[in-house]
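Thank you for making time this morning.

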Amino acid sequence: EYGWVFYGGSYGQYKTNGGLPTPTREGYTFLGWYSKPTGGVQITPATECWNPFWHTIYAHWKKNEYDVTLIDSNAGGAKVASIRVGYMDTYDDLPMLDAEDADFMGWSTSPDGGQIVTNNSVFTFTNDQTLYAQWNSNLEGGSNSGEEQHFSDVSSSDYFYDAVVWA
């Protein structure tokens, strides 16, 4: 978008409604207009224009961060932790859990499965999120029952593929 500001006038003359535009960008907070792409002097509607040439003013943005609450569905829905994740950043700090009667399979967007989330998953939400621990019970025929544990290969198309720990 472009507009006219007269030499010696204020940037508030930029639009007929008397102000600079306020842009929006998903996952970011608008910090204001500046004279340079990074740093520079903030330009407000009251700032007077003393540049006699065509020039550009630049929008500055701050990436939003969101709270991610981690719930352990194996412990009656107890909160395990909270982490902060920036928009379009990876989760990075998801904890691994341990239990005697179940194998931890990873984190997901729903208590009953949903989308698996790993440390390498990209946070694409624009609000706080809750993730749920996913467990595979090992009581029936598992390592705690005294019976032999049976393993099966995991397909890359399985929803929990990224949560499998390979040894």
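This is a predicted model: local features need pLDDT of at least 70, side-chain atom pairs count only at pLDDT 80 or more; totals for chains, interfaces and linings use all residues.

Let me begin with Asp-89, which counts as partly exposed because its relative accessibility is 29%, where buried means under 20% relative accessible area, exposed means over 50%, and partly exposed is in between, with a 1.4 Å probe and protein chains only. Residues are numbered from 1 along each chain as its sequence is written, and side-chain values use heavy atoms, with hydrogens and water left out.

The structure holds three salt bridges, a salt bridge being a side-chain nitrogen of Lys or Arg within 4 Å of a carboxyl oxygen of Asp or Glu. In one of them, the side chain of Asp-89 meets that of Lys-63 at 2.8 Å, N to O. Asp-89 sits in the loop between strand 5 (78-86) and strand 6, while Lys-63 belongs to strand 3 (residues 58-63), so this pair ties together parts that are 26 residues apart in sequence. Strands here are DSSP runs of E with at least two residues, numbered from the N terminus. Lys-63 is itself partly exposed, with a relative accessible area of 32%.

Next comes Arg-84, whose side chain meets that of Glu-65 in a salt bridge of 3.6 Å, N to O. Since Arg-84 lies in strand 5 and Glu-65 in strand 4 (residues 65-72), the pair ties together parts that are 19 residues apart in sequence. Both are partly exposed, Arg-84 with a relative accessible area of 48% and Glu-65 with one of 45%.

Which side chain meets that of Arg-84 at 2.8 Å, N to O? That partner is Asp-67, again in a salt bridge, and because Asp-67 lies in strand 4 and Arg-84 in strand 5, the parts tied together are 17 residues apart in sequence. Through shared partners, salt bridges join Glu-65, Asp-67 and Arg-84 into one network.

Let me turn to polar contacts, meaning pairs of N or O atoms within 3.5 Å, where within protein one atom must be able to donate a hydrogen and the other to accept it, and residues adjacent in sequence count only if both atoms are side-chain atoms.

A polar atom of the Gln-134 side chain lies 3.1 Å from the backbone oxygen of Ser-110.

I will finish with Asp-103, which is placed in strand 6 (residues 102-110) and counts as partly exposed at 32% relative accessibility.

Terms used
Helices (H or I, at least four residues) and strands (E, at least two) are DSSP runs, numbered from the N terminus.
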